[in-house]
Amino acid sequence: GQERYIRDAGATMIHRDDYGTLWRIEMAEDEPLVCVEVVNSTPEPDGSYHNFTLRVPPTMTTAREAVAWTFSETAESYAPAVQT
């Protein structure tokens, strides 16, 4: 999946915070591939948590900004009271 591709392609970690980890891969003759890796806040039946990787625009500079973008918000306005 995308998580393995990012790891195997030698992605550069751009930023990490409480919202996730922002990764970037420079692509020859194309825009960079930028993804934010997040952890599902809902546990699996066995109690474990699953990581997800979401592609975001290459203009993202922080994990918070990238996660906020996935909810059509800005980093400044994104402040969830509860994660579900």
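**Notebook: strands, cores and salt bridges**

I began with the sheet and found β3 and β4 running antiparallel, joined by six bridges. I note here that the model is predicted.

How many of the seven residues of β3 are buried? I counted five, so I describe the strand as largely enclosed by the rest of the structure.

**Entry on the cores**

I next listed the largest nonpolar core, which has eleven residues: L22, V34, V36, V38, V56, M60, A63, A66, V67, A68 and Y78. Both β3 and α2 supply at least two residues each to this core. Which element gives the most to it? I found that α2 does, with four residues.

Setting aside neighbours within four places in sequence, I found A66 in contact with L22, V36, V56 and M60. I also noted a second, separate core of six residues, among them I6, A11, I25 and C35.

**Entry on the salt bridges**

I found three salt bridges in the structure, and I went through them in turn.

I took R4 and D8 to begin with; they form a salt bridge whose closest N and O atoms are 3.2 Å apart. Both residues lie in helix α1 (residues 2-8), four residues apart, or about one turn of the helix. I recorded both R4 and D8 as exposed.

I then examined E26, which forms a salt bridge with R24 at 2.7 Å between the closest N and O atoms. Are the two partners buried, partly exposed or exposed? E26 has a relative accessible area of 58% and is therefore exposed. R24 has a relative accessibility of 24%, so I class this residue as partly exposed.

The remaining entry concerns R55 and E31, whose side chains meet in a salt bridge at 3.9 Å, N to O. Where do these two residues lie in the chain? R55 is in strand β4 (residues 51-56) and E31 in the loop between β2 and β3; they are 24 residues apart, and the pair links distant parts of the chain. I noted R55 as partly exposed, because its relative accessible area is 44%. E31 is likewise partly exposed, with a value of 41%.

**Entry on backbone angles**

E29 has a phi of about 60 degrees although it is not a glycine. I located E29 in the loop between β2 (20-25) and β3 (33-39), the loop that also holds E31. With a relative accessible area of 86%, E29 is exposed.

I also recorded S72, a residue other than glycine with a positive phi near 60 degrees. S72 sits in the segment after α2 (63-70). At 72% relative accessibility, I count S72 as exposed.

Key. Residues are numbered from 1 along each chain as its sequence is written. This is a predicted model: local features need pLDDT of at least 70, side-chain atom pairs count only at pLDDT 80 or more; totals for chains, interfaces and linings use all residues. Side-chain values use heavy atoms; hydrogens and water are left out. Buried means under 20% relative accessible area, exposed over 50%, partly exposed in between (1.4 Å probe, protein chains only). A nonpolar core is a set of buried Ala, Val, Leu, Ile, Met, Phe, Trp, Tyr and Cys residues joined through side-chain atoms within 4.5 Å. Contact means heavy atoms within 4.5 Å. A salt bridge is a side-chain nitrogen of Lys or Arg within 4 Å of a carboxyl oxygen of Asp or Glu. Two strands pair if DSSP finds at least two bridges between them.
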